[in-house]
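Here is a short report on a metal site and the fold around it. Look over the sequence and the model first.

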Amino acid sequence: MAILKIARMGHPVLSRVAVPVSDTKNPEFLRLVVDMMETLADSGGTGLAAPQVHISLRVVIFKVSALRNNGEAFPLTVLVNPRIEPLDDELQVGYEGCLSLPGLTGMVPRHRRIRYWGLSAEGAPVERVAEGFHARVVQHECDHLDGVLYPQRMDDLATLGFVEEIRRAAEGVTEGE
Ligand code: NI
């Protein structure tokens, strides 16, 4: 197992369209999934896509804590070759961050309700309906597989900023105080 280096915005691997996984039984693929799990745990992030660790394959992993998802937790999920379908036209705007844009956050519109499909790391079919934060995480991670980073989804780049500053502003702390 290994903690992998995370590519940051500007690295070409993050703009590429990733290639589908053809064989989930491949030991190299299984090692990638384990290394991604270890890398995500080490980073403290919510999700990670293979292109973020310089591997242009269609694999994402994520976990959803109950605290951020209206009390409903989803344990660590591996999605291979995922597909997403919005369930309606409703969009919801919320703050997102990304391990490839360390320290930054911005407001991103996403579909509020989606259905998604994929394979587990063992090659078993996965199908879920997701909403709110859970749906946001899946859309964010799957965007990485198409070379899209969250600022490209933002309506208002004025909301892009450093987490530390935005938090400070929200808490009403004025400079000089
Ligand atoms: Ni990301």
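## Nickel site

Donors here are N, O and S atoms within 2.8 Å of the metal; water is not among the atoms, so sites may look incomplete. The model is predicted.

Which residues coordinate the nickel ion? They are C98 through SG, H140 through NE2 and H144 through NE2. The distances run from 2.1 to 2.3 Å. Along the sequence, the donor residues follow the spacing C-x41-H-x3-H. C98 sits in the loop between β4 (91-96) and β5 (104-111), while H140 belongs to helix α2 (residues 132-145), so the pair ties together parts that are 42 residues apart in sequence. Are C98 and H140 buried or exposed? Both are buried.

## The sheet

Five strands form an open sheet. Their order is β1-β2-β3-β6-β7, and the pairing is antiparallel. At the edges are β1 (47-49) and β7 (125-131), each pairing on one side only. From one strand to the next, the twist averages 35°.

Strands β1 and β2 (residues 59-64) run antiparallel and are joined by three bridges. A49 has V60 in β2 as its bridge partner.

## Helices on the sheet

Helix α1 (residues 27-43) packs on the sheet. It touches β1, β2 and β3 (74-86). The direction of α1 makes about 35° with that of β2.

Helix α2 lies across β1, β2, β3, β6 (113-119) and β7. It runs at about 160° to β2.

Technical notes
Residues numbered from 1 in each chain as written. Predicted model: local features only at pLDDT ≥ 70, side-chain atom pairs only at ≥ 80, totals over all residues. Heavy atoms only, no water. Donors = N, O, S within 2.8 Å, 3.2 Å for Na, K, Ca; no water. Helix = DSSP H or I, 4+ residues; strand = E, 2+ residues; numbered from the N terminus. Buried < 20%, exposed > 50% of the residue type's maximum accessible area, 1.4 Å probe, protein only. Pairing = 2+ DSSP bridges. Axes fitted to C-alpha atoms, helices over the stretch in contact; angles between N-to-C directions. Contact = heavy atoms within 4.5 Å.
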